[in-house]
Amino acid sequence: MQHTPIATGNASAPPMSVAPLRPALLARYAGLEELRYDYPLVLTESMDGQHLFRPLSRIIDNVLRATATPGPAGEALRQQVLRLEMRIRHAVAEGQEGRLSDLWRELSADLIRQSGEAPFGPLDTNLDTARRALKVDGLVIGCDAGTPGKVLTHAWEAVHAERARRFRKRVDGLILRLSDILKSDFMKSDEAHGPKALESAMGAHRDGSVDFGALSAVLARARPEDRIPNDRVERIRKVLAVLKCQPFYAPGRASHFCANRRETYSYTFDSCSAALDALRERLPDVLDFTKALTIAELEVENKYRAELHDPIFEQFDESDLTSDQMGLLPSSLVFLRDGVTDPTEITRAFEALASQLPITILIQTDDILGATSPEPPRASLAAGTARLAAMAMGLNNAFVLQSASAHLYRMRDRLVGGLHFDGPALFSIYSGATATAPGIPAYILSAAATESRAFPSFTYDPTAGPDWARRFDLSDNPQNDVDWPQHDLAFEDAIGQRQSESVAFTFADFAVCDQRYARFCHSQTRVEWTTTMVPVCDWLKETGAAEYLHKPYVCGVDPDDRMVRIVVDDKITEAARRCNDAWRRLQELAGINNSHALKLLADERKARESAARTAEPPAPSMVPVADVQAPTPVVASTAIDGPEVTPDKTSDDGPWIETARCTTCNECTQISKSLFAYNENMQAYVADPDGGTYRQLVEAAESCQVSIIHPGKPRNPQEPNLDDLIERAEAFN
Amino acid sequence: MTASMSQCLMQMVQTDYQMSDYQSEIAPRWCAGCGDNAILTAMQRLCRDEQLPPEKTVCVSGIGCSSRLPHYMNAYGFHGIHGRALPIAEGIKIRRPDLNVFVTTGDGDNCSIGAAHWLHAIRYNMNLTVLLHDNQVYGLTKKQASPTSPKGLKSNTTPYGAALNPLNPLSVTLGVANVSFVAQAVDWIPDLLYEILRKAHQHRGLSFVRVLQRCPEFMGHRFDDWVRDPMKMRILTHSDGLRLKPEVSRVYKNQETHDPLDMPRALAIASMQEEIPVGILYNDPSVPCYDDLRAGERPNTPALVKTVLDEEFDKVGIWPDSADPAGSTE
């Protein structure tokens, strides 16, 4: 293990306070405000759920697409709007925050003033044209320590508002229909027919020309059998009261008139204990409401049977709550912050994540590297905050999302998916606002955390499918099939020529940004470079003696943007090894270089090779070819070929009817009710051949509109005029 | 997706409605031999087989022989005014989407005085089942020519024979925008009448079924040729439409496989003269329903109605100095 510091002049120099050593790959992002990247974000106010937040640059692009026409005039507008965008970007970077429309108004006024142009001049006109094309508005935020909280709270509020709409639609529909039932019952009562009710129905302008007493007297009296039973009315009233006075969502636009309406519950918390306690306290209300909702749904369908359902609702408790019912109620949002929240909260957080309760937990981490030994330990949530999300995946029933601030926009769909998840959800977000990395913007640091695999982006969605392939998603990481992502680094060499080199961004690159790790880094200028130096990513692959001979380094730049090699200590390389190990574990879960699959593949290859050696010609096909004849498609043969169905004709020449063709026209049944009858489909058949005379049979056959009655042969030879009847019956037999 | 608790609890309540549960206390007062009876029976069969709760079923009608049907169904009914069955049914459906709404109307009711409502009901495409009882005559008032009466029919209003060609309800319906389901049945093939009615009820949207119906009293032997000769009936079958039972198929051998989405062919079938087509001429389930389009974000509860009205009134309200507008609007 190498420990000896490299003998250079500035090895023991005190750490620099501004712009310390940076990885060379970050050099090109020095002037971040000049670049159009994912921040500032606009937390849009339209609650359509599709675009909860969008980068300012995208919004401006859309505006320009709509307004800047090809040609010099359009180009001028484009330049001016982009200048304004740059101003907003700078203002936000300096800590200004506000709604997009406000910032636009304020900063465009500044821009016009500074340009020296008059109001309503070309600049003013162009900016105004662009402003009209601005379709969205909302808070503009930069990337800083507050970002994860703001973004998640905003998204949660949008999801909450959507739930509230769904809730109100369902509950108000029930309230309406239950009120209708009570109202229609009341309309059948004596009170509704009484003079007083009639009088009030007339409204305020009564002139005495109508005698309501007399009017009431001529109206039909109420019949008690038309009224709804008292116990049902009572039940509906109780249910209505519970539904109207529910404390879960604000009533929205309609103000429900409920005497004992309580204050609407708040569902945002800053500790899991508070959230869990609140859920426990509110449980009786949840049960009452759920019961009322279920009874209401049965009542409006007229399916409530007291003898069946009363016992069920008497014993109704929390074990009967279904996810469908819980999904209707709000989910709680808990905001925990590493280093701020009481560390014991983490156990309550895991308790909540292991439950089935609808709790969304945001854990914001500002520092993933952790303290090095001489510094005082922090009140951290857990030893490895960067591993909390991976730990939560082990609970298996919680939705888990891990992302750095810089990747939030790219992860937006899955972020919203997690908020819609019915059970517990954990969002572990690294803000990048690490205090010990001065001079590096939070956006760059958080992006570097993802890039260096120190804080990979992933999601675990238990509802996405039955297997890891569908539940776990690692695809948002750069070059997720390799250990460290490779990038081209372009630089100017000693003689002023452009050079390019492929450089990996490793955990060590991320660590050298942090001042606390400066002790383990040694900057070497070009003259000090030796052939024993190898890049960290290569050094990590080395084993045995090479490990001791070589010195791992990171390509860096000094404050003057001169290339240096930062040789790192084993403190950093060990951490890089651990980081790489954790990353490979995640890769395996995502099916990349899965060890089981690789082993099976190796075994199979070996088996094939040995098989090829022993058997002379390889088997023509390892996979059995489906030589089975394709099954003849079963086509529903036309009904004509169907089995012959014996007609309901009797063998003894008795009377019969083609029942299936009967049109229920009552002709035959009016002739004889004993001879003919209707079956369960109200179609006629011969109920009793001896139930009437042969004459009746023949007359029925003659009058049958569709000629389906067949009188057969007479059963009573004594009947008069038989010959004539038999002749008439001929046409129908 | 598991069933919700209320669905499970509803399963506990077994219903077993019989035909008699849909028969009202009043016996049908149609003439003996009238085709309306077959339509009533088919409707009651449908209700029984689908187990439609009588209290969730409404029959709406206008005026005419056909429009007496709601009286004979033990369900909710609305015997409306002449030609206005459809607007009433639409009102019921938009306020109570949970009800099964059937409209029974006649050729006079629907195609003459109610023709305007007919066209717009098709365009609105609300989830209703419309049965046009077409006997081609005004029967209730004892024989006057209706819009579908054949040319030359001698009636009380046309003693020298009807002067005009009859209106074809099928072609008209097929020609209206947003048409989604058009079928034709005849009362003398009850099995098919029932099957078509079932398909119409299952269709989401306005299903228009014209039922050719014999009037033995005033139209004597109008349909005798077709009743007696099954080959003059053309049965439309399709895997997405009607499938025939063997016993029906054996009698009615004149069959055509007709794709219910094939509008040109449907129009050709609708205007057949020699043969009477029976089956589903057109069925497009993708046409949007007005009741779905207009289903509001929130139901109009009394509380919401009051709030919205108050808001509107407050816009033009003038408040005396002493009054506090915020306090009085809640």
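**View 1. The surroundings of Gln44(B) in a predicted model.** In this predicted model, Gln44(B) is in contact with Met19(B), Tyr22(B), Gln23(B), Tyr72(B) and Met73(B), once its neighbours within four places in sequence are left aside. Gln44(B) itself belongs to helix α2 of chain B, which runs over residues 36-50. Is Gln44(B) buried or exposed? With a relative accessibility of 2%, Gln44(B) counts as buried, because the cut-off for a buried residue is a relative accessible area under 20%.

**View 2. Helices α1(A) and α2(A) side by side.** Two packed helices are described by the angle between their axes and the distance between the axes. Helix α1 of chain A (residues 56-67) packs against helix α2 of chain A (residues 72-93) at an angle of about 165 degrees, and their axes are 11 Å apart. That angle makes α1(A) roughly antiparallel to α2(A), because angles over 145 degrees are placed in this class. From α1(A), the residues Leu56(A), Ser57(A), Ile60(A), Leu64(A) and Thr67(A) take part in the contact, and they meet Leu77(A), Arg78(A), Val81(A), Leu82(A), Glu85(A), Ile88(A) and Arg89(A) of α2(A). Sorted by class, the residues where α1(A) meets α2(A) are seven nonpolar, two polar and three charged. The crossing of these two helices, α1(A) and α2(A), is right-handed.

**View 3. Helix α2(A) with another partner, α4(A).** Helix α4 of chain A covers residues 122-132, and α2(A) packs with α4(A) at an angle of about 75 degrees, with their axes 9 Å apart. The two helices α2(A) and α4(A) are therefore roughly perpendicular to each other. On the side of α2(A), the contact is made by Ala76(A), Leu77(A), Gln80(A), Val81(A) and Leu84(A), while α4(A) brings Pro122(A), Leu123(A), Asn126(A), Leu127(A), Thr129(A) and Ala130(A). How many nonpolar, polar and charged residues are there in the contact of α2(A) with α4(A)? The contact of α2(A) with α4(A) has eight nonpolar and three polar residues, and no charged residues.

**View 4. The crossing of helices α5(A) and α15(A).** Helix α5 of chain A (residues 147-187) and helix α15 of chain A (residues 412-420) pack at an angle of about 50 degrees, and their axes are 10 Å apart. It follows that α5(A) and α15(A) are oblique to each other, and α5(A) passes α15(A) in a right-handed crossing. The contact involves Leu152(A), Ala155(A), Trp156(A), Val159(A), Glu162(A) and Arg163(A) of α5(A), together with Leu415(A), Leu419(A) and His420(A) of α15(A). By class, the contact of α5(A) with α15(A) has six nonpolar residues, one polar residue and two charged residues.

**View 5. Cysteines without a disulfide.** A disulfide is a covalent bond between the sulfur atoms of two cysteines. Over all chains of this model, the count of disulfides comes to zero.

View 6. Most residues other than glycine have a negative phi, and most peptide bonds are trans. The peptide bond from Tyr39(A) to Pro40(A), however, is cis, with omega near 0 degrees, and Pro40(A) is placed in the loop between β1 (22-23) and β2 (41-44) of chain A. Met682(A) has a positive phi of about 60 degrees although it is not a glycine, and the place of Met682(A) is the loop between β20 (676-678) and β21 (684-686) of chain A. In chain B, Asn125(B) is found in the loop between α6 (115-124) and β4 (129-134). Asn125(B) has a positive phi of about 50 degrees, although it is not a glycine, and Asn125(B) is buried, with a relative accessible area of 0%.

**View 7. Ala612(A) within chain A.** Ala612(A) lies in helix α22 of chain A (residues 595-614) and is partly exposed, with a relative accessible area of 48%. Between Ala612(A) and Gly116(A) there are 85 Å in space, C-alpha to C-alpha, and the two are 496 residues apart in sequence. Chain A as a whole has 25 helices and 22 strands, and buried residues make up 47% of its 733 residues.

Methods: Residues are numbered from 1 along each chain as its sequence is written. Chains are lettered from A and ligands numbered from 1 in the order in which they are written. This is a predicted model: local features need pLDDT of at least 70, side-chain atom pairs count only at pLDDT 80 or more; totals for chains, interfaces and linings use all residues. Side-chain values use heavy atoms; hydrogens and water are left out. Axes are lines fitted to C-alpha atoms, for helices over the stretch in contact, and angles run from 0 to 180 degrees between N-to-C directions. Helices (H or I, at least four residues) and strands (E, at least two) are DSSP runs, numbered from the N terminus. Angles under 35 degrees count as roughly parallel, over 145 as roughly antiparallel, 65 to 115 as roughly perpendicular and the rest as oblique. A crossing is left-handed if the near helix is turned anticlockwise from the far one by less than a right angle, and right-handed if clockwise. Contact means heavy atoms within 4.5 Å. Ala, Val, Leu, Ile, Met, Phe, Trp, Tyr, Cys and Pro count as nonpolar, Asp, Glu, Lys and Arg as charged, and the others, Gly among them, as polar. A disulfide is a pair of cysteine sulfur atoms within 2.5 Å. Buried means under 20% relative accessible area, exposed over 50%, partly exposed in between (1.4 Å probe, protein chains only).
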